[in-house]
Amino acid sequence: MATQTASSGTPRADLPEPLPRARKRSAAVAPGERSLVASPTTWFVWAGTAAFFIFLIGILVSVMVDSFGKSWFNTWLPDSFSTDWYTGAWDRFDMTSVIGVTLTVAFAVIIISVLIGVPAAYLLARRTFPLKKLVSVLFLLPVLMPPITYGIPLATVMYNLGLGRTLTAVILVNLVPSVPFVIMTMTPFIEQINPTIESAARMSGANMRRVFTKILMPLLIPGILAASILVLVRTVGMFELTFLVSGPQSDTLVVAIYRAMTAAGGGEARQLISSMAVVYTISMMVILIVALRFVSPTQLVARVKESRED
Amino acid sequence: MSAPSIGRTRATRSTASLRHRLAERGIDTSLLMLVPALVFAIALFIYPFSYGIGLTFQPSAAIQEQWGGGIFANYVAFFKDPFIFDSVYLTMRLALPAALFNVLASIPVAFKLRHRFRGKKLLTTLLVLPITLGTVLTAQGLLIFAGRQGWLNRFLLQIGLIDQPLTLVNNYLGVMFSLIISGFPFAFLLISSYLSGIDPSIEAAAKTMGADWKQRFRRVILPLLAPGLATTFILTFVLAFSVFPSARLVGDAMGSTRVMALMGYRAFAEQIDYPMASTIAIMMGVVELLVIGVVLLWRSFMYKGSTGGKG
């Protein structure tokens, strides 16, 4: 990128504000003046983005086509289309129970991690206490470590406890990254609430429990909703941890698809897997689109600015 | 063991004043709200982790026989067995370039998307959407789309750019594509939110002093963005470093993409050698924390302070 821009010579005004559509040439560009010419960097970025989208759309559409296609070998498109693979996959992989497991795990993880995480987030947002740094690091670590690194010892413990391949184990392992995640998401939400409201309630004689149920909870509902949806996305998409402890009766959708792809003897028919993958992606996208309606992704990092704009 | 018990006896001796003094330092009954989270963290994270570390010193008989070294046999095996040790290098060869690329590529894209233009929201949504794809669908899609018979090769053959279908999957390249597709949206999301936290007036001030965009980028934006860059790099690196399903599905699982996660899983589920699996997992954590440490060290040399936009 640097060489691209250097070779073009003229001082380019304003990298962040290019107007890619405008093609008028302005003769001399003073520093600070907006360039009306799409600079090489702009083209470079747009070309990269385009390539990214080509791959993305290619991947999506080819899986889509594959899941509907009958006998697709050496041609641009399959010979004919049908929905047989979907009904086939539904029966073959017992999708009703797989989706049931996925939802059970997801909702159990959401409820438990909110119950555990919100009070902890409240304390971390409002109080100072000894060893606070250490506690925060403790809650941050599972997010910073690759799931496999703590997943393997954790799964070993689970198997030793006789919990291997059970639903309980799947829920427990999924809590490990979810609780810190709820804490991380909720802390900015709690910081946004004016502490004087709580003080007023406490002055009026409300105890901590009543402050929580009557004052904080209603104010925190948007935050809790946002955190829950993000946990839902993470849990439904979590592969590694679930894979390490789940068994045939406790596989979530991702793991079921992976097992189908890597099953002994070259795996299942490709189209069956494609149709499952389509089901997975569509449900994930629905969740994410719902999530984006409730929470702005930038809110998680840029807290104060976002709240001011509301 | 002795330190807390001493504290407790002292506590029973002078309850009233101690409670008061403790409350002043921020210790009171409301800290009990932290207890469930702490219990959870200790039971599900600290305990298994220390259990795993303990397990690494109980090598199986087979490992001990082959590599020797007594209780350190697992570590001896890890460092001396090229089949296992090479996976460190193979993981790095995938994760470092992928994380670097994702972070560096999202900087210009985030810049372009910083200002209002038509279709910005749509473009942002489209860029973020791949987060939902999941590694498994990405893998399946790459196999179909970029495979020998796939549309990509078919198109390139048709327009005469290549004579032979390119092998883009079932190798290093396939995993790299998968890492970029799943990692880039994430990096982009983080970088653009960090970028939105930089007060535009700082840049405007530099502009009035006659700084061109290169100077503004190097002297103003980059220092302010550096902490965000470090965080983004770390998080993307963790994602890329723990690559597992795609390394197996679109990679060359026993060759160029034999990553540490795969080796750990192999020891865990296929060889049922829990001590060795834990050793690989722990070493994976160590290697990962080393990289994070280097990044944090770099960050400590950069500007630390307000970015103007955020509180």
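How many residues of chain B are in contact with chain A? Select both chains of this predicted model and start there. On the chain B side, 94 residues are in contact, and they meet 100 residues of chain A.

**Stop 1: the interface.** Keep both chains in view. The size of an interface is often given as the accessible area lost when the parts come together. Between chain B and chain A, about 8800 Å² is buried. Carbon and sulfur atoms give 79% of that area. Now select Lys112(B), Trp151(B) and Trp213(B). These three supply 10% of the area that chain B buries against chain A, more than any other three residues.

**Stop 2: one residue at the interface.** Select Gln140(B). It is found in helix α8 of chain B, residues 134-145. Gln140(B) counts as buried because its relative accessibility is 3%, below the 20% cut-off. Show its neighbors across the chains. Gln140(B) touches Val63(A), Asp66(A), Met261(A), Arg270(A), Ile273(A) and Ser274(A), leaving aside residues up to four places away in sequence.

**Stop 3: a helix pair in chain A.** Select residues 95-126 of chain A for helix α4, then residues 208-237 of chain A for helix α9. Their axes lie 8 Å apart, at an angle of about 135 degrees. The two helices, α4(A) and α9(A), are therefore oblique to each other. The crossing of α4(A) past α9(A) is right-handed.

Next, show side chains where they meet. From α4(A), pick residues including Val105(A), Val109(A), Ser113(A) and Tyr122(A). From α9(A), residues in the contact include Phe212(A), Leu216(A), Ile224(A) and Ser228(A). Color by class to finish: the contact of α4(A) with α9(A) has 16 nonpolar, four polar and no charged residues.

Conventions:
Residues are numbered from 1 along each chain as its sequence is written. Chains are lettered from A and ligands numbered from 1 in the order in which they are written. This is a predicted model: local features need pLDDT of at least 70, side-chain atom pairs count only at pLDDT 80 or more; totals for chains, interfaces and linings use all residues. Side-chain values use heavy atoms; hydrogens and water are left out. Axes are lines fitted to C-alpha atoms, for helices over the stretch in contact, and angles run from 0 to 180 degrees between N-to-C directions. Helices (H or I, at least four residues) and strands (E, at least two) are DSSP runs, numbered from the N terminus. Angles under 35 degrees count as roughly parallel, over 145 as roughly antiparallel, 65 to 115 as roughly perpendicular and the rest as oblique. A crossing is left-handed if the near helix is turned anticlockwise from the far one by less than a right angle, and right-handed if clockwise. Contact means heavy atoms within 4.5 Å. Ala, Val, Leu, Ile, Met, Phe, Trp, Tyr, Cys and Pro count as nonpolar, Asp, Glu, Lys and Arg as charged, and the others, Gly among them, as polar. Buried means under 20% relative accessible area, exposed over 50%, partly exposed in between (1.4 Å probe, protein chains only). Buried area is the accessible area (1.4 Å probe) that two parts lose on being put together, summed over both.
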